[in-house]
Amino acid sequence: MERLENFKLRVPNRVYSALASKIAGLLLPQILAIEAGLFKGKSILVSAPTASGKTLVGEMAALNAIYSGKKVIYVAPLKALLSEKYEEFSKDYPGIKTTISMGDLTENDVNLDKSDMIFVSTEKLDSLLRNSSKGIVNVGCVIYDEIHLLGDPERGPALEFVISLNKRLYPKAQIIGLSATIGNSDEIAAWLGSELVKTDFRPVKLEKKIYFDKELVNGKKERVDNVDDPLLNIVIHLLKNRKQALVFSQTKKTAVSNAKSISQSVEKSLSEEEKKELKKLSADILYALDSPTTQCRELSDLVLKGVAFHHAGLVYKQRKLVEQSFRQGLIKFIVSTPTLALGVNLPANTVVISSIYRYGTSRMELLPAMEVAQMSGRAGRPKYDKEGTSIIIARTEKELEIIRDRYIDGGIEPVESGFNNEASLRKYILALVCFEPRISVKDLTDFFDSTFYGSRDFAFSYKVKEVLDFLVDKNFIEKTGSSLEPTDIGRLINRLYLDPYTGLLFLGFLEKMKKGMEYDDFKALHIIFCSQEFKFIRISQPEAAKYEEDSFSMSLHIDESLVPYDRYIAAIKMARVMEEWISEKKEAFIEEEYGVLPGEFYGLIENARWLLYALRELARFSGVKASEFSKLSVRVTHGIKEELLPLISLPNIGRVRARRLYANGMKSESDIKSSSQERLVKLLGQAVGTDLYKYLHKDDVQPTLKDVV
Ligand SMILES: Nc1ncnc2c1ncn2[C@@H]1O[C@H](COP(=O)(O)OP(=O)(O)OP(=O)(O)O)[C@@H](O)[C@H]1O
Ligand SMILES: [Mg+2]
C-alpha cells in the first residue's frame, strides 16, 4: 500500500478530500488505474485478483464524474452484491444522492434527474435504457462490476447488449469494467476500447489448500484427524483455531444437509453469551414470514447452534440477518450455494469448497475454474483478515489430480460471448430498431458487429439478417427499402421487455379470448408461466407425470407448438401453486405441498407480476377486456381472494389484516369508515388501527368557526 498523500497532485482535489476521510493509502490496482488515466476520463478494464480493491477504482471514477457535474451508473449482476455496494457507498459519501433499483421491471421508478449515482442490475438498466433513455442524460461514467459475467449463458447477453448500447449512446462516457476472473482480459479490453490494468497483486495472502485423506496438502502438509467425514473433520479443525468460515455447496439441498451435519460440533464451541444472542436471532429468522415454514424452522434451529445455510430459497430478510450476524462474528459458519460467491466482503478467514461438481443441463459437470476462484476469493478480505485460506475437498485420488491441474495450477477460462442465440437476437434487434427508428439495415448489422460476439464472428450479420426477416415477417418491424421502423406492436413488446416470441404466445391467447374463449385465472397463470421470461423451476419426473395427467383435461388455450413440452407441464404446476396463493394459502403450505421455498416463491411472484402486467397491456392493445388481468395481478401480489380486493389498497393492510377485517364484517372501505376507532384498534392494534381511522376520516369536514357562530 502506498500513502494517499503521495498522490495529492494526481488526484483531483475534491476526490482527494473525499478519499482522505476514508482511506490512508492506495493499493496497486488503484495506483495502476490512476496511471492508466482514470482521472483523465480513460475507460479502464481492471483485471485483478479477488479482494484487491477494484471497487475503489470504480468509486474514484464515480466521484470524479459526479464532482464534474455528471451522472454515474453502477451495474452489478447480483442483488446481494448490488445492495452491499449501494449501502457502503451511501454511507461513505453521505453528500452524494444515490438510488438503488434491482427488481421490478414494470416500473420506471429510477430517475437519474434526482440522483447523482444509480445502482442497478443489468436487466433493470436494459429495461430503463429502452424506456427512458431520453431521460438518462449527462452520463459521465458507467461501472460494470463482475464484468466476466458477459460469458454467463443466462445473464451475459443482456450485459453485452447494454454495454454495446452504452458505447453507442454515451460514446464519451467513461467505462470502468471490474473482474477478478477473465482469462482473456486483453480481448475484452480491446472490445471495450479501454486501457487494461492487469495485476496479480492481492493485499491479503490467499493460501490454496486441498484436503485429501485427512491431510491438508499443497504447500506445507498438515494432518487433520478428528473424524472421518471430510467436511466435519475440517470444521472441527477450524473450530480449534477459532476461525469463521464460509462453506460452499452446489445445491440448496446439500447446503442444508451440510449445515446440519456440522452444527453439533459448532454448538459446542459457543459461549453462554453467544447462545443468548443467537436465541434472539433465531426468533427473528423464524418469524420473518407471517407463519414459519419448515425451512424457516430448520434455519432458525441451526442458527441457535451458530450455523446457517444461505441460498435463493431464503427470503431477503433472512439472508440479510444471516450475513449481518456472520459479520458480527455471531454465526460461525455459513453453508452457501454460489449465491455468495461474487464480490461480497465477509469475514470468512477460510472458505471450504465441499464439492467440485455441479448439475449441468443434463448431467453432473466440473465447476469452471472461474467459479472456484470466485468462491475461494471470499476468504481473506482486507477489512477482516491478515491472511486467508481456501480448502477444496478431494474425495478420491482422481479428484485430487483434477483439483491440482484445474483449480490450483490451471488458468481461468476465457470469457466467451453467449450473444449468438435466437432469443437474444430477436429481443435486441427489436430493441435497437425501437431505439433508433428508421435505422438502416446496414447500421443495424454494424451495431451487432460491434458487440463482443460480433467482433469475433465475421459472418454474424447473416444471422442477424435472418432474425430480422423473422421479425419483419411477424409484423414487429416494418421494412421500407432498407429503412427499418418498429410497428406499434413491436414497440409495445419492446417496452414490456418481452421476447417477441412471447409476444406471439400472448397475442395468440388473447386472440382466442376475442373469439369467445372464456377467461379464467388458471389459464392466465398458465400462459405466463409458459413464457421463456418465466424463470424455470425444475420439477421432478414423478411430479411431471402427475401434471401431465392434469394436462389431458385442459382446454387448448394456447398454441402448444410455441412452447417446449417440459415447460408446458412445469407451467401447470406453477399455475397451481399460484392458485393456492391467491386462495390465501400460507407460504408454509406451499413449501410443504409443492416444495417451493419462500425465497423462490417471492421470486416467482415478482416474475408473475411483470408478465401479468405485460399480458394486460397486450390485452388493451388487442381490444380484449383487461380488468381481469389487473385484478389477478393485485391478487398475486398480495396473495388474496377476489373479495379482499377493496381492502388491500388501504395503508398497512396486507393479506392477514384484510382477512381479519373481512371476517368481522368489514367488506368495503365504507364499512370500515363507519366503524369506530376503538373497534379498528381492537382488530388491528394501536398503531395500524389509529392510522387507518385517521386516513379514512382525513377529508371529514371539520366545523368551521363560522358554522359554530
Ligand atoms: N485503499 C484501500 N485502503 C484500505 N482498504 C481498502 C482499500 N481498497 C480496498 N480496501 C478494502 O479491501 C476490501 C476488498 O476490496 P473490494 O471489495 O474492492 O475487492 P475486489 O477487488 O472488488 O474483490 P472481488 O473480486 O472479490 O470483488 C474491502 O473491504 C475494501 O474496503
Ligand atoms: Mg468486487
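**Figure 1. Burial and overall build of the predicted model.** In this predicted model, 44% of the 709 residues of the protein count as buried. The fold contains 31 helices and 22 strands. Its radius of gyration is 28 Å, close to the 27 Å that the globule rule gives for 709 residues, so the protein is as compact as a globular protein of that length. The C-alpha trace spans about 80 × 75 × 70 Å along the principal axes. Take the contacts between residues at least 6 apart in sequence: 70% of them join residues at least 24 apart.

**Figure 2. Division into domains.** The protein is divided into domain 1 (2-198), domain 2 (205-408), domain 3 (422-495), domain 4 (500-639) and domain 5 (647-696). The centres of domain 3 and domain 5, taken over C-alpha atoms, are 52 Å apart.

**Figure 3. The surroundings of ligand 1.** Ligand 1 is surrounded by 19 residues. The closest are Thr 50, Gly 53, Lys 54, Thr 55 and Lys 383. By type, the shell divides into seven nonpolar, nine polar and three charged residues. Strand β2 and helix α3 each supply at least two residues of this shell. Helix α3 gives the most, with three. Both domain 1 (2-198) and domain 2 (205-408) give residues to the shell, so ligand 1 lies between them.

**Figure 4. Helix α2 and its packing partners.** Helix α2 covers residues 28-35. Pro 29, Gln 30, Ile 31, Leu 32 and Ala 33 are buried in this helix. Gly 37 follows α2. The phi of Gly 37 is positive, near 105 degrees.

**Figure 5. The largest nonpolar core.** This core has 197 residues. Ala 62, Ala 308, Ile 429 and Leu 615 have the most contacts inside it. Helix α24 (residues 598-622) gives the most to the core, with ten residues. Around Ala 62, leaving aside neighbours within four places in sequence, the contacts are Val 72, Tyr 74, Met 117, Cys 141 and Ile 143.

Figure 6. Helix α20 spans residues 521-530. Seven of its ten residues are buried, so α20 is largely enclosed by the rest of the structure. The buried residues are Ala 524, Leu 525, His 526, Ile 527, Ile 528, Phe 529 and Cys 530. They pack against α19 (500-514), α22 (565-581), α24 and α25 (627-638).

Figure 7. Most residues other than glycine have a negative phi. Glu 146 has a positive value, near 55 degrees. Glu 146 sits in the loop between β7 (139-145) and α6 (156-169). This residue has 24 other C-beta atoms within 10 Å and is buried. Arg 438 also has a positive phi, of about 70 degrees, although it is not a glycine. The loop between α15 (422-435) and β20 (439-440) holds Arg 438. With 10 C-beta neighbours inside 10 Å, Arg 438 counts as exposed.

**Figure 8. Arg 202 in its loop.** Arg 202 lies in the loop between β9 and β10 (205-212). It has 21 C-beta neighbours inside 10 Å and counts as buried, because the cut-off for burial is 20 or more. Leaving aside neighbours within four places in sequence, Arg 202 is in contact with Pro 49, Ala 51 and Ser 52. Thr 350 is 148 residues away from Arg 202 along the chain, and 16 Å separate their C-alpha atoms.

**Figure 9. Thr 99 in strand β5.** Thr 99 belongs to strand β5 (residues 98-101). This residue is partly exposed, with 17 other C-beta atoms within 10 Å. The C-alpha atoms of Thr 99 and Asp 443 are separated by 34 Å. Along the chain, Thr 99 and Asp 443 are 344 residues apart.

Terms used: Residues numbered from 1 in each chain as written. Chains lettered and ligands numbered in written order. Predicted model: local features only at pLDDT ≥ 70, side-chain atom pairs only at ≥ 80, totals over all residues. Helix = DSSP H or I, 4+ residues; strand = E, 2+ residues; numbered from the N terminus. Rg over C-alpha atoms; globule rule 2.2 N^0.38 Å. Buried ≥ 20, exposed ≤ 12 C-beta atoms within 10 Å, placed from the backbone. Contact = placed C-beta atoms within 7 Å. Domains from an automatic or database assignment. Core = buried A, V, L, I, M, F, W, Y, C linked by C-beta atoms within 7 Å. Near = placed C-beta within 6 Å. Nonpolar A, V, L, I, M, F, W, Y, C, P; charged D, E, K, R; others polar.
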